[in-house]
Amino acid sequence: MRSKLVAGNWKMHGGMAQNRLLLDLIVGGTRGLYGADCAVCVPYPYLSQVQSLLQDTHILWGAQNMSQHEKGAYTGEVSATMLTDFACRYVIVGHSERRALYGEDSLTVALKFKAAQSAGLLPILCIGETLEQREANVTEQVIADQLDAVIGLLGVSALAKSVLAYEPVWAIGTGKTATPQQAQDVHAFIRNRVADKDIEIAAGLQILYGGSVKANNASELFSMPDIDGGLIGGASLIADEFIAICRAAQS
Ligand code: PEP
């Protein structure tokens with residue numbers, strides 16, 4: 001039986017005072033949660049603050065991106081090892097905003113995935129199609145290519161220590177959510193594709209859904225058999241919304 005995970009992606013939002021307030025509320029509001037983990041993926045400058053606020057709580061934390069390189073002359077970059085200095089458990093790799101705005105291709109994402117695991121982090125690998133791709137009926141091909149970039153580089157066994165997030169690009173930050181059935185269909189496609197290579201890894205793989213998840217649609221999404229929680233953008237910045245989404249993931 002897979003446990004669920006709800007991970008907040010704060011994107012480029014936050015501030016010392018507002019982080020403290022938000023996290024205090026989230027810690028209090030998710031106490032006693034069972035069958036589900038909660039995490040927040042925060043901007044780099046706040047990792048130290050978040051570590052000290054969350055280290056004795058049930059909430060986990062991570063970053064939103066990292067370099068594929070171990071160290072060196074890469075101005076402005078942050079390595080996986082640096083993230084482990086702040087006890088991060090997770091790091092998001094391949095978010096569609098990174099792919100679209102910063103030109104990250106699937107090979108770069110796969111290299112980041114590898115570097116994250118080498119440092120002991122759990123990568124949350126984001127995959128998903130654009131609206132044009134969905135309308136052109138190539139969703140499965142796009143998902144397969146994004147997934148195969150990681151499997152091709154590292155083998156299917158690498159997925160055992162990772163989390164996948166299916167995030168249709170057309171649903172991110174738009175208020176348009178995939179229907180539970182639309183999401184389930186893609187999640188099942190992902191799990192079956194992994195199962196073709198390794199049935200046990202597929203059975204244990206957490207596959208999150210991301211794209212305008214809110215308190216009012218989370219339960220229905222999370223009740224689908226292959227949806228193991230959510231990657232939450234906008235709603236992760238609103239305590240009541242995020243707490244309700246975490247509660248919806250309880251078994
Ligand atoms: C995201 O950024 O990963 C995301 C899913 O955003 P939102 O929930 O705002 O659509």
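## Ligand surroundings

Oxygen atoms of the ligand lie 2.7 Å from a side-chain N or O atom of Lys11 and 2.7 Å from a side-chain N or O atom of Glu167. For Ser212, a backbone N or O atom lies 2.7 Å from an oxygen atom of the ligand. The protein covers 97% of the 290 Å² of accessible area that the ligand has on its own (Shrake-Rupley method, 1.4 Å probe).

## Pocket and cavity

The ligand sits in the second largest pocket, with more than half of its atoms within 2 Å of the pocket's grid points. A pocket is an open set of points on a 1 Å grid over the protein atoms alone, with protein on both sides within 12 Å along at least five of seven lines; in a cavity, a 1.4 Å probe fits but cannot get out, and lining residues have an atom within 4 Å of a point.

The search finds 1 cavity of 30 Å³ or more, and the largest cavity has a volume of about 30 Å³. Its lining includes Arg99, Cys126, Gln146 and Glu167.

## Basis of the values

Residues are numbered from 1 along each chain as its sequence is written. The model is predicted, with local features needing pLDDT of at least 70, side-chain atom pairs counting only at pLDDT 80 or more, and totals for chains, interfaces and linings using all residues, while side-chain values use heavy atoms, leaving out hydrogens and water.

Technical notes: A polar contact is a pair of N or O atoms within 3.5 Å; within protein, one must be able to donate a hydrogen and the other to accept it, and residues adjacent in sequence count only if both atoms are side-chain atoms. Grid points are joined across faces, edges and corners, and a volume is the space filled by probe spheres set on the points.
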